[in-house]
Amino acid sequence: MKAVRYHRFGDSDVLVQEETERPVPGAGEVLLRVTGTSFNPVDAAIRAGHLQQVFPLHLPHVPGIDAAGTVAELGEGVEGWSVGAAVVAFLPMNAAGAAAEYVLAPARTLAAAPKTVELADAAALPAVGLTAWQALFENAEVRAGQTVLINGAGGAVGGYAVQLAHQAGAHVTATASARSADRVRGYGADRIIDYTATPVTQAAGGPFDVVLNLATTSPEETADLVRLVRDGGVLLSTTTPAPEDPARGVRTVSVFVRSDADQLAGLVARVDAGTLHVHVAERVTLSELPAVHARNDSGTLPGKTVITV
């Protein structure tokens with residue numbers, strides 16, 4: 001089968017498309033015929049070798065933690081799925097990924113794919129959708145009437161976070177550039193801050209019950225975001241860890257997403273109900289994945305990229 005993988009850590013040029021053996025599912029596993037995967041920034045960090053302590057890999061490694069495809073084979077003991085079923089999954093970070101024609105997935109990670117979007121595009125949902133859900137509702141317990149600031153709302157996680165916070169009844173302030181402002185407003189943001197024109201901490205006002213930081217910020221900028229949080233509130237960050245402010249009862253959380261098939265199925269249900277929109281900035285083929293990594297490294301990737309297989 002065709003796969004993109006790397007034999008050593010390094011820059012995007014370590015990624016090569018080559019032929020490799022089709023995997024065989026073991027107990028509790030499903031073999032998926034991949035229709036699409038998507039790029040996530042963590043893919044680049046793992047490829048560069050920055051996360052070896054957290055996610056040790058067996059090289060050569062196939063990237064791609066999001067998978068959308070159809071069930072090709074069932075491993076021993078797998079129940080509830082049949083060959084041909086269309087599914088999505090958030091794969092283990094250090095297992096062989098979905099930038100290939102076939103991938104193994106633990107059966108416990110699978111959810112039925114949404115019926116209202118193209119199957120390949122459904123790969124834009126698992127990792128980032130689960131990150132948004134877990135940050136807002138597990139870590140922050142967002143509820144109606146609260147004020148929420150989402151810093152980095154134009155990105156993949158941010159788009160889902162705006163929609164979910166708005167649907168929960170929160171008042172949402174979102175940072176976005178002019179390029180994504182209309183889309184973010186359409187998702188339900190009550191107020192948009194153009195971070196390219198004014199620093200967020202100067203324009204945001206506040207205080208906010210919840211601040212969700214999805215942007216790359218310096219330690220000083222992150223500490224400034226903490227000051228925007230209401231006494232007793234919470235700041236969540238998927239990037240730079242934030243200092244706590246115990247004197248004001250402000251809690252800070254570093255967000256690490258985990259696979260949860262039930263939560264993923266809930267997100268899929270929202271997609272099919274038309275209340276959660278899947279945004280894909282671009283679609284490329286498997287052979288173009290090294291170029292996607294290169295553009296990410298240079299800061300020129302336009303947004304969520306789906307890789308069709």
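By class, five nonpolar, four polar and one charged residues make up the lining of the second largest cavity, where Ala, Val, Leu, Ile, Met, Phe, Trp, Tyr, Cys and Pro count as nonpolar, Asp, Glu, Lys and Arg as charged, and the others, Gly among them, as polar. This is a predicted model, in which local features need pLDDT of at least 70 and side-chain atom pairs count only at pLDDT 80 or more, whereas totals for chains, interfaces and linings use all residues. Residues are numbered from 1 along each chain as its sequence is written, and side-chain values use heavy atoms, with hydrogens and water left out.

A cavity is a set of points, on a 1 Å grid over the protein atoms alone, where a 1.4 Å probe fits but cannot get out, while a pocket is an open set with protein on both sides within 12 Å along at least five of seven lines; lining residues have an atom within 4 Å of a point. The second largest cavity has a volume of about 40 Å³, a volume being the space filled by probe spheres set on grid points that are joined across faces, edges and corners.

The largest cavity, with a volume of about 60 Å³, has among its lining residues Tyr6, Asp43, His61, Pro63, Gly64 and Gly97, and its lining divides into eight nonpolar, three polar and one charged residues.

Turning to the open spaces, the second largest pocket has a volume of about 280 Å³ and is lined by 18 residues, of which Pro23, Ala96, Gly97, Val103 and Leu104 lie nearest its centre. Strand S6 (residues 102-106) gives the most to this lining, with five residues, and the lining as a whole holds 13 nonpolar, two polar and three charged residues.

Finally, helix H2 (residues 126-139) and helix H3 (residues 156-167) pack at an angle of about 45°, with their axes 8 Å apart, the axes being lines fitted to C-alpha atoms over the stretch in contact and angles running from 0 to 180 degrees between N-to-C directions. H2 and H3 are therefore oblique to each other, since angles under 35 degrees count as roughly parallel, over 145 as roughly antiparallel, 65 to 115 as roughly perpendicular and the rest as oblique.

Conventions:
Helix = DSSP H or I, 4+ residues; strand = E, 2+ residues; numbered from the N terminus.
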